[in-house]
Amino acid sequence: MKKIAVAAIVIAVLIFGAFWLKSDKHFEQQSFLMGTVISEKVYGYNARKASAEAMARIGEIENTMTVNAQGSQAEALNEASGKKSIRLDGDIIEVLETAKKYSSISGGAFDVTVGPLVKAWGISTEHFKIPEKEEIDELLSLVNYNDIYIDSNNGTVRLAREGQAVDLGAIAKGYAADQTIEIYKRWGIKSAYINLGGNVSVLGKKPDGTLWRIGIQNPRAANGKIVGVINIQDKSVVTSGDYERFSEKDNVRYHHILDPHTGYPSGSGLMGATILADSSVAADALSTAVFVLGLEKGIELVESLEGVEAVFITEDKRIYTTSGLKDEFIFDDESKEFQYVQKR
Ligand code: FAD
Ligand code: MG
């Protein structure tokens, strides 16, 4: 009798243990940070702990880099513009250095000093307005990434002219995604997925050994309706589009990706630009840059970069991919409105 009882207990412990291990071996959650929904799928022992540390880290990055709340380091930098240098943490200095790099290689199509214009337009906020041309021209004169002076030895940064302001909305999510992947790795995680509002990064393959299947959003359909798929491992896929954040007036759509050369929402002829790269911070900055550059110059820039690929969706519903994706991109448009016309 006694033996049966012991055996029953052992079996119960094994079942519970297996369940417990499994539950701790697979953790999914949605959080809300950086003004966006963050979805995570983390597999491996310590998944829950790895996720908790990652979310705390993203919160820290948001507090440093937001321009949507007082007291951040980005806000302090903007308030000191034209007056003095200020001491900043390593995170934001690294992001500003990366931002300047992508501004330079994109000819200023990506430029975090668009801050004053973003504020003036207030696109996708309750302050939305179409600024007068005079106001835009005045603010445009403040947009210049060369006016960001970084002294990395002393850890200080200065914006050259009063009224200048950085907005890190196009790059800080990518930085946060890269930091998250590093935290997962430190916890021994081998398989994970994180999506920060269209900024996707995956670690390894899926637990069943297959690649992660990332859908490319149909820019004119409900969320989740796709026009194609890319299967990846250990990569980041980031999309910038005219459908994510916009305001409308008199049936005209004003989206949130501004052309730093005109001060208006970019009229590049694209609805969406997706970048595939190893680093998410690079993919984030580049998705915005190539959206502003448009198809021809966007393809040219991406083809010049090692390990970077792109999918472009034009306003006339044509899909183009760069050379490294011609066999990887799986065209899958259930709306039948799009054409996969070009494999570069
Ligand atoms: P992307 O193309 O990656 O970025 C576009 C955003 O970058 C624009 O919204 C604008 O802010 C800026 N931008 C526009 N044109 C350019 C350009 N040519 N070059 C460089 N930058 C440009 N959203 C909220 O609603 N509430 C919040 O409190 C909030 N807090 C945030 C805090 C942080 C730290 C970050 C990173 C984002 C936050 N956001 C918040 C979201 C943010 O306002 C942007 O809307 C979002 O990051 C845009 O990302 P995207 O991938 O959609 O577009
Ligand atoms: Mg971006």
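**Strands, helices and a pocket**

Mentor: An open sheet has 3 strands in the order E8-E9-E16, with antiparallel pairing; strands (E, at least two residues) and helices (H or I, at least four) are DSSP runs numbered from the N terminus. This is a predicted model, in which local features need pLDDT of at least 70 and side-chain atom pairs count only at pLDDT 80 or more, while totals for chains, interfaces and linings use all residues. Residues are numbered from 1 along each chain as its sequence is written, chains are lettered from A and ligands numbered from 1 in the order in which they are written, and side-chain values use heavy atoms, with hydrogens and water left out.

Trainee: Which strands stand at the edges?

Mentor: Strand E8 (212–217) and strand E16 (330–331) do; each has a single partner strand, so one side of each is left without a neighbour in the sheet.

Trainee: Over how many bridges do E8 and E9 pair?

Mentor: E8 pairs with E9 (residues 226–232) over 6 bridges, in the antiparallel sense; two strands pair if DSSP finds at least two bridges between them. Ile214 stands opposite Ile230 in E9.

Trainee: And what do E1 and E2 form?

Mentor: They form a hairpin with 2 residues between the strands, and Met34 in the turn has a positive phi of about 55°. E1 (residues 26–33) and E2 (residues 36–43) are joined by 8 bridges in the antiparallel sense, with His26 opposite Tyr43 in E2.

Trainee: Turning to helices, at what angle do the axes of H8 and H9 cross?

Mentor: The axes of H8 (residues 280–293) and H9 (residues 295–303) cross at roughly 140° and come within 6 Å. Axes are lines fitted to C-alpha atoms, for helices over the stretch in contact, and angles run from 0 to 180 degrees between N-to-C directions. H8 and H9 are therefore oblique to each other: angles under 35 degrees count as roughly parallel, over 145 as roughly antiparallel, 65 to 115 as roughly perpendicular and the rest as oblique.

Trainee: Which residues make the contact?

Mentor: Leu286, Val290 and Leu293 of H8 meet Leu295, Lys297, Gly298, Leu301 and Val302 of H9, contact meaning heavy atoms within 4.5 Å.

Trainee: Lastly, which helix gives the largest share of the lining of the largest pocket?

Mentor: H5 does, with 5 residues.
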